[in-house]
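This note is intended for a colleague who is meeting the structure for the first time. Please read the numbered points below alongside the sequence and the model.

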Amino acid sequence: MEVTPQEAKDMLGQTDTMAALIRNHSMYRRIGPTLILWGVIWLVCFPLTALFTHSGWIWLIGDGIGFAGSAFSMRRSNTSVRCKSSNVVRSRVLWFWAVFLAYGCFWMYLLAPAGSARAVVFIVTLAMFAYVAIGLLARMTFMIWLGAGVTLLAMTGFGLFQNQPQVLNVWMGVTGGLALLATGLFITLRAR
Amino acid sequence: MSDLDEIIHQPIRLKIMAALLAAGADAEVEFTFLRGRLGCTDGNLGSHLDKLTTARYISARKAFVGRKPVTYLSATRIGRRAFEDHVAALQEIIRSPIAANRQP
């Protein structure tokens, strides 16, 4: 069988393309609806936080719905690629987020009064740091861009509204929430 | 040095094996999904799958999702090994084209 180096290179390129397509499909099918859900939660909870002095309960409900919804969505995602080990991965991902956000809330409680502009930016950038880290580890470029983009929006908001935490909450809800929502919709449609 | 595998060498079959291996060691891929991604007809894909099944490189499992019959495909251990050897042979050709093409 005679194969030129160029033909061999083309064949390997085709296998890489196919492999990436398969990996992205199952990843997008699982992450897309979760991002849409969190986008909606941000759109609702951040502006609501601006309206109430004691707003801890808003995020307790919002995060509760978010975690329960993410677990449900990952379990029910109808993907054409089935993997027996994905249950283990799913539960690890959910535990990672639960521990990570508990850590963030703990330090936010210690270092900054709840509801301050610093607290808002801290928790948002911490979550986005995790997005970037996951993007780098799992080779998901869209997560890196999303994390970096929302971090930039949070820092811009902080620069503009650091003395008006209520306005910053609305800013974060609208810009960050829409960014999550749009990315979720985009990758869900791409996975079809 | 690994040899090129004549069964996997055909472009569609190479892509089928790449897809099944990329899905994961314990994963299955739906027939219709694969057909859509490869741009094949049912018959064309079916004949390639037959060749791979005969070589024991892949296995097929039929199931029902609701009332709809679905065929799931997965790579066998023999298939994984054959694909990895084939890829290694292609990489060898890129590295040293003259030596790699001197195969029986």
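What percentage of the 192 residues of chain A count as buried?

1. Burial in chain A. The model discussed here is a predicted one. Of the 192 residues in chain A, 30% count as buried.

2. Overall form of chain A. Chain A contains 6 helices and 1 strand, and their order along the sequence is α-α-β-α-α-α-α. Its C-alpha trace spans about 75 × 35 × 30 Å along the principal axes. Among contacts in chain A with a separation of 6 or more, 68% are accounted for by residues 24 or more positions apart.

3. The interface between the chains. In this model, 22 residues of chain A are in contact with 27 residues of chain B. On the chain A side, the elements giving two or more residues are H1 and strand S1 (81-83). H1(A) supplies the largest share of that side, with 12 residues. By class, the residues on the chain A side divide into 12 nonpolar, 5 polar and 5 charged.

4. Helix H1 (residues 5-51) of chain A and helix H5 (residues 77-95) of chain B have axes that come within 8 Å and cross at roughly 140°. An angle over 145 degrees would count as roughly antiparallel; H1(A) and H5(B) are therefore oblique to each other. The crossing of H1(A) past H5(B) is left-handed. H1(A) contributes A:Pro5, A:Ala8, A:Lys9, A:Met11, A:Leu12 and A:Thr15 to the contact, while H5(B) contributes B:Val87, B:Leu90, B:Gln91, B:Ile93 and B:Ile94. The contact of these two helices has 8 nonpolar, 2 polar and 1 charged residues.

5. The largest nonpolar core. This core has 32 residues, of which B:Met17, B:Ala19, B:Leu20, B:Ala23 and B:Val29 touch the most other members. Two or more residues each come from H1 of chain A and, in chain B, from helix H2 (11-23), strand S1 (27-30), helix H4 (42-54), strand S3 (68-75) and H5. H2(B) gives the most to the core, with 9 residues.

6. Surroundings of B:Val29. Leaving aside residues up to four places away in sequence, B:Val29 touches A:Ser80 and A:Val81 in chain A.

7. A separate core. Apart from the core of point 5 lies another, of 29 residues. Its members include A:Leu35, A:Cys45, A:Val124 and A:Trp171.

Technical notes:
Residues numbered from 1 in each chain as written. Chains lettered and ligands numbered in written order. Predicted model: local features only at pLDDT ≥ 70, side-chain atom pairs only at ≥ 80, totals over all residues. Axes fitted to C-alpha atoms, helices over the stretch in contact; angles between N-to-C directions. Helix = DSSP H or I, 4+ residues; strand = E, 2+ residues; numbered from the N terminus. Parallel < 35°, antiparallel > 145°, perpendicular 65-115°, else oblique. Left-handed = near helix turned anticlockwise from the far one by under 90°. Contact = placed C-beta atoms within 7 Å. Nonpolar A, V, L, I, M, F, W, Y, C, P; charged D, E, K, R; others polar. Buried ≥ 20, exposed ≤ 12 C-beta atoms within 10 Å, placed from the backbone. Core = buried A, V, L, I, M, F, W, Y, C linked by C-beta atoms within 7 Å.
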